Amino acid sequence: MRSLGWFSQPGISSGIPQSGTFSGRQTEQNSGAPLLAGNAQFTNLSGKLLGAHVAHAGLIVLWAGAMTLFELSRFNSALPMHEQNLILLPHLATLGFGVGAGGQVVDTYPYYLIGMLHLVSSAVLGAGGIYHAVLGPEVLDEEGFGYDWKDGNKMTTILGIHLVMLGLGAGLLVLKAVRFGGLYDPLVEQVRLVQPNLNPIQIFGYLFGFSPAGWTITGMASANNLEDVVGGHVWVSLLCMGGGIFIL
């Protein structure tokens, strides 16, 4: 390990502070391999940590947009999607975009539009990440987006906001399913609106392996109808937003 340069001095590990406190300066001094320290280097540098997160989001969105357009350039509507080694287009099709009767893709423009929106969004996120990582203040104002790890109220506020956002994301899928176009149902091979099943016994029973056909080790993966899938997202949305609001 020492020959690889991972540990530069005895008793000093790569990027992990030896005391009970975390310090960006301490991590920088003690690190034998800074790349292994990751975001721990920015523990007390809230501005740079924000930049790293925003830039990371930009990379994810860039991949999604670029891969969507790449798959679209190779897509053959005469062949089933599962025979074309596609990753993203099948997921867009399950949301009902561009799918007609019999599960046939009749319009690929929505896929192009979604891919381009992701590319544009990735450019905005990338610019924001570079700004906060290079040009912006290293430490943000605690009255705004800054924080102190010892401030319990600030930490729980951040957690609460994340839970609310997750709940909103699940809620958007529910709205798409019940009102805005519906989802593709492979059982009937068409896009339809869904009336979610809100029975808590049936929905939460999946967590313990109880499906409509009886107990199964596959748990939630045994859901075989859109009503239960969308109903589960309703409960996820309510619990996440309720928990987030409670924490806030």
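What follows is a working chat about a predicted model of one protein chain.

Reader: Before we start, what kind of model is this, and how are the residues numbered?
Author: This is a predicted model in which local features need pLDDT of at least 70 and side-chain atom pairs count only at pLDDT 80 or more, whereas totals for chains, interfaces and linings use all residues. Residues are numbered from 1 along each chain as its sequence is written, and side-chain values use heavy atoms, with hydrogens and water left out.

Reader: Fine. How many helices and strands does the chain have?
Author: The protein chain has eight helices and four strands, where helices (H or I, at least four residues) and strands (E, at least two) are DSSP runs numbered from the N terminus. Along the sequence the pattern reads α-α-α-α-α-α-β-β-α-β-β-α.

Reader: And what share of the residues is buried?
Author: Of the 248 residues in the protein chain, 33% are buried, with buried meaning under 20% relative accessible area, exposed over 50%, and partly exposed in between (1.4 Å probe, protein chains only).

Reader: Switching to electrostatics, how many salt bridges are there?
Author: The count comes to two salt bridges, taking a salt bridge as a side-chain nitrogen of Lys or Arg within 4 Å of a carboxyl oxygen of Asp or Glu. Aspartate 185 pairs with arginine 192, their closest N and O atoms being 2.7 Å apart, and arginine 192 also meets glutamate 227 at 2.9 Å, N to O.

Reader: Which residues does threonine 68 touch?
Author: Leaving out residues up to four places away in sequence, threonine 68 touches Leu88, Leu89, Leu92, Tyr111 and Gly115, a contact being heavy atoms within 4.5 Å.

Reader: Now pockets. What is the volume of the largest one, and which residues lie nearest its centre?
Author: The largest pocket has a volume of about 760 Å³, and of the 17 residues lining the largest pocket, Leu50, Phe145, Ile158, Ile161 and His162 lie nearest its centre. On a 1 Å grid over the protein atoms alone, a pocket is an open set of points where a 1.4 Å probe fits, with protein on both sides within 12 Å along at least five of seven lines, and lining residues have an atom within 4 Å of a point.

Reader: Which element gives the largest share of that lining?
Author: Helix H6 does, with eight residues.

Reader: What about the second largest pocket, how much space is there and what lines it?
Author: About 420 Å³ of space lies in the second largest pocket, and 22 residues line the second largest pocket, with Met81, Ala93, Val99, Gly103 and Tyr184 closest to its centre. Helix H4 (89–94), strand E1 (183–185) and H8 are the elements that give two or more residues to that lining.

Conventions: Grid points are joined across faces, edges and corners, and a volume is the space filled by probe spheres set on the points.
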